[in-house]
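Here's a quick briefing for anyone meeting this structure for the first time. Have a look at the sequence and the model, then read on.

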Amino acid sequence: MCRELMKLPISHKSDRSYQDSAEDNDDFIVSESDRQMLLINGSRQQDEELDELSASVERIRGVGLTIHKELLAQEKIIDDLGTEMDSTTNRLDFVQKKVAMIMKKASAKGQIMMILFLLVLFIILFILVFLT
């Protein structure tokens, strides 16, 4: 009755429950050890994957910098081309105005002669540029 009040196990049951609890403790320790090993291995794998990711990011950074440099160089080339186009357009406008002024001053016979002269000049330039 005293044991019931104190809820103490009976002695022969006490040895058996002690063994069960010791086995349970051993199982718990083994399972915790296994779990910790899995965590450590998982952590190592994550470290390796992060290293690979870091290397990939560095390669992408290098490619990005190369593309940036190339774009800057091409921007300069395009700006230079735009400047040359503006200059050429201005010169062409000047020549067209001169030709228009000469055409107004020339008679019909003079205009035909000028057209023939320009046609011959065009043929000569075409031969020099494309056939040589």
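Phe122, Phe126 and Phe130 come together as one aromatic cluster. Keep in mind that this is a predicted model, where local features need pLDDT of at least 70, side-chain atom pairs count only at pLDDT 80 or more, and totals for chains, interfaces and linings use all residues. Residues are numbered from 1 along each chain as its sequence is written, and side-chain values use heavy atoms, with hydrogens and water left out.

**The aromatic rings**

- The structure has 2 aromatic pairs; to pair, rings of Phe, Tyr and Trp (its six-membered ring) need centres within 6.5 Å, and planes under 30 degrees apart count as stacked, over 60 as edge-to-face and the rest as tilted.
- A pair of aromatic rings is described by the distance of the centres and the angle of the planes.
- One of the pairs joins phenylalanine 126 and phenylalanine 130, tilted at 50° between the planes and 4.9 Å centre to centre.
- Both phenylalanine 126 and phenylalanine 130 belong to helix 3, and they sit 4 residues apart, about one turn of the helix.
- Phenylalanine 126 counts as partly exposed because its relative accessibility is 40%, while phenylalanine 130, at 58%, counts as exposed; buried means under 20% relative accessible area, exposed over 50% and partly exposed in between (1.4 Å probe, protein chains only).

**The overall build**

- You'll find 3 helices and 0 strands in the protein; helices (H or I, at least four residues) and strands (E, at least two) are DSSP runs, numbered from the N terminus.
- Reading from the N terminus, the order of elements is simply α-α-α.
- How much of the protein is made up of buried residues? Out of 132 residues, buried ones make up 0%.

- The protein's mean pLDDT is 82, with 83% of its residues reaching 70 or more; pLDDT is the predictor's confidence in each residue, from 0 to 100.

**The annotated stretch**

- An unreviewed UniProt entry puts a "transmembrane region" at residues 112-131; UniProt positions are given in the numbering used here, feature names are shortened, and annotations may be inferred rather than shown by experiment.
- In the model, residues 112-131 are 95% helix and 0% strand, and 28 Å separates the end C-alpha atoms.

**Salt bridges**

- There are 2 salt bridges in the structure; each needs a side-chain nitrogen of Lys or Arg within 4 Å of a carboxyl oxygen of Asp or Glu.
- Arginine 35 bridges to glutamate 32, with the closest N and O atoms 3.1 Å apart.
- Arginine 35 and glutamate 32 are 3 residues apart in helix 2 (residues 11-105), about one turn of the helix.
- Arginine 35 is partly exposed at 44% relative accessible area, and glutamate 32 is partly exposed too, at 22%.
- Lysine 76 bridges to aspartate 80, where the closest N and O atoms are 3.2 Å apart.
- Both lysine 76 and aspartate 80 are in helix 2, 4 residues apart, about one turn of the helix.
- Lysine 76 counts as exposed because its relative accessibility is 53%, whereas aspartate 80, at 37%, counts as partly exposed.

**Isoleucine 102**

- Isoleucine 102 is located in helix 2 and, at 41% relative accessibility, counts as partly exposed.
- Isoleucine 102 and methionine 114 are 12 residues apart along the chain, with 9.6 Å between their C-alpha atoms.
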